[in-house]
Amino acid sequence: MGREGGGASGRGRCVAGPGACRRRPPVAGLGGLGLWLQCLFPQPGMADSAQAQKLVYLVTGGCGFLGEHVVRMLLQQEPQLRELRIFDLHLGPWLEELKTGPVQVTAIQGDVTQAHEVAAAVAGAHVVIHTAGLVDVFGKTSPETIHEVNVQGTRNVIEACVQTGTRFLVYTSSMEVVGPNIKGQPFYRGNENTPYEAVHRHPYPCSKALAEQLVLEANGRKVLGGLPLVTCALRPTGIYGEGHQIMRDFYHQGLRLGGRLFRAIPASVEHGRVYVGNVAWMHVLVARELQHRAALMGGQVYFCYDNSPYKSYEDFNMEFLGPCGLRLVGTRPLLPYWLLLFLAALNVLLQWLLRPLLLYAPLLNPYTLAMANTTFTVSTDKARRHFGYEPLFSWEESRTRTIRWVQAVEGSAQ
Ligand SMILES: NC(=O)C1=CN([C@@H]2O[C@H](COP(=O)(O)OP(=O)(O)OC[C@H]3O[C@@H](n4cnc5c(N)ncnc54)[C@H](O)[C@@H]3O)[C@@H](O)[C@H]2O)C=CC1
Ligand SMILES: C[C@@H](CO)CCC[C@@H](C)[C@H]1CC[C@H]2[C@@H]3[C@H](O)CC4=CC(=O)CC[C@]4(C)[C@H]3CC[C@]12C
């Protein structure tokens, strides 16, 4: 890891709706001249429509918060897409609306922990984008289940690629693979090569780190047919945007408290956040460019980043919850850290006592409190340099879209 190299062209513009035009945008920076040049020197994927639509993509976890955005972004932005397979434990009803467009959309209900189900879904795919996983830092599931889904599930995806001849695999990893670590050491404006002691105890980051390692180590393995598997991993920081359940949980918490949220985290603690649409765009772009730049990108990790501002977790959430009528009380934490730690520990005890009766999984627990209290921000341009990534959505667009979503789903439009 750490190999560096040149960038690549490729800017997209996202238009709404699954059946929308998937025109390939002009070559970055050349404007109208770019369109003229494309007539003379068509870019990969600019072949006529018969050749253009030739690839089969599989998205695991395609009905999740990120997965749905990846699915919709592929349908809008990938001109070579012939078939899009969506593999998930829980299929969403919205998939039906996607079946009216020119791309064949195949919904597959399946479990990544079941190797045979994964192999059946992967067989014949050119590209796999593996987002499926258990994102649980609230004690909802057991450590064993987290490991089974996130690690064994990823192992099953890798082996399916090898056994069936799929050559390109993009894995949705996480910032948590790096940190914050168990020592609470800050990671301030770090990049993919910043030294940092990535030591974890919680089952979620441990599972993501193990899964990422499996994916990167699989780069170069021979798949059926004798060609090498090309893999890479994307590390989003805290993703926000349409469909973010934790944002909804904060909103509901504020409503229960009379339109107020009470500051628990110092405003000075910065937490990196990234808009879901830009994370989806990076997945689409890396999956495309991985096919042309295997030597440079194979086995690499890339943080997902955009122009979202560096703020504390709570202050960042207020960018969206404020316009929806909530107020964050306090310029500094209203409770001392030791009391917050006691309340967090009490939540763990209550969760254990109530488990035979109901699932009690509040936002505040020792792990989430430690995460929120440790600065973790990234500053990097590796994805731009390696495959021409630029955020598709500005901060202003990301903020507006997220506010509109909160207002729409919570009926809080003012
Ligand atoms: N939400 C965030 O802030 C971040 C998420 N990530 C990663 O992004 C990926 C997607 O996360 P989210 O969209 O937030 O989570 P999510 O829970 O909304 O989506 C995960 C999807 O995977 C599916 N899934 C779970 N277990 C499965 C199984 N055994 N077989 C098949 N499908 C299964 C779920 O049904 C769900 O649709 C995960 O790998 C997560 O680790 C990484 C960084 C930040
Ligand atoms: C003290 C609490 C009351 O205000 C604040 C609790 C905030 C937490 C729920 C969040 C703080 C940091 C978040 C995590 C971070 O964004 C990194 C993540 C990466 C992932 O791969 C999945 C999600 C998460 C673990 C994210 C989860 C929510 C927080 C812990």
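Helix 12 is the largest contributor to the shell around ligand 2, giving three residues; helices (H or I, at least four residues) and strands (E, at least two) are DSSP runs numbered from the N terminus. The model is predicted, so local features need pLDDT of at least 70 and side-chain atom pairs count only at pLDDT 80 or more, whereas totals for chains, interfaces and linings use all residues. Residues are numbered from 1 along each chain as its sequence is written, chains are lettered from A and ligands numbered from 1 in the order in which they are written, and side-chain values use heavy atoms, without hydrogens and water.

**Stop 1: ligand 2**

Select ligand 2 and the 18 residues that surround it, a residue being near when one of its heavy atoms lies within 4 Å. The closest are Val135, Ser174, Tyr204, Gly238 and Glu314. Next, display the polar contacts, which are pairs of N or O atoms within 3.5 Å; within protein, one must be able to donate a hydrogen and the other to accept it, and residues adjacent in sequence count only if both atoms are side-chain atoms. The side chain of Tyr204 places an N or O atom 2.6 Å from an oxygen atom of ligand 2. For Ser174 the corresponding side-chain distance is 2.7 Å, and for a polar side-chain atom of Glu314 it is 2.9 Å. On its own, ligand 2 has 640 Å² of accessible area, of which the protein covers 91%; such areas come from the Shrake-Rupley method with a 1.4 Å probe, and for residues only the protein chains shown count as cover. Colour helix 7 (245-256), helix 10 and helix 12 (366-372), the elements that give two or more residues to this shell.

**Stop 2: ligand 1**

Move to ligand 1, which has 25 residues around it; Leu66, Asp88, Asp111, Tyr204 and Lys208 come nearest. A polar side-chain atom of Asp88 lies 2.6 Å from a ligand oxygen atom. Backbone atoms also take part: an N or O atom of Ile239 is 3.0 Å from an oxygen atom of ligand 1, and a polar atom of Leu89 is 3.3 Å from a nitrogen atom of ligand 1. The protein covers 86% of the 830 Å² of accessible area that ligand 1 has on its own. Helix 3 (65-77), helix 6 (203-217) and strand 8 (238-240) each supply at least two residues of the shell.

**Stop 3: helix 3**

**Stop 4: the aromatic cluster**

Select Tyr240, Tyr275, Phe316, Phe320, Phe393 and Trp395, which form one aromatic cluster. Rings of Phe, Tyr and Trp (its six-membered ring) pair if their centres lie within 6.5 Å; planes under 30 degrees apart count as stacked, over 60 as edge-to-face and the rest as tilted. The whole structure holds 14 such pairs. Tyr240 and Tyr275 have ring centres 5.7 Å apart and planes at 50°, so they are tilted. This pair joins strand 8 to strand 10 (residues 273-275), across 35 residues, and both tyrosines are buried. Phe320 and Trp395 are edge-to-face, at 6.0 Å centre to centre and 70° between the planes. Here helix 10 (residues 313-321) is linked to helix 14 (residues 395-410), with the partners 75 residues apart. Phe320 counts as buried at 0% relative accessibility, as does Trp395 at 14%.

Terms used
Buried means under 20% relative accessible area, exposed over 50%, partly exposed in between (1.4 Å probe, protein chains only).
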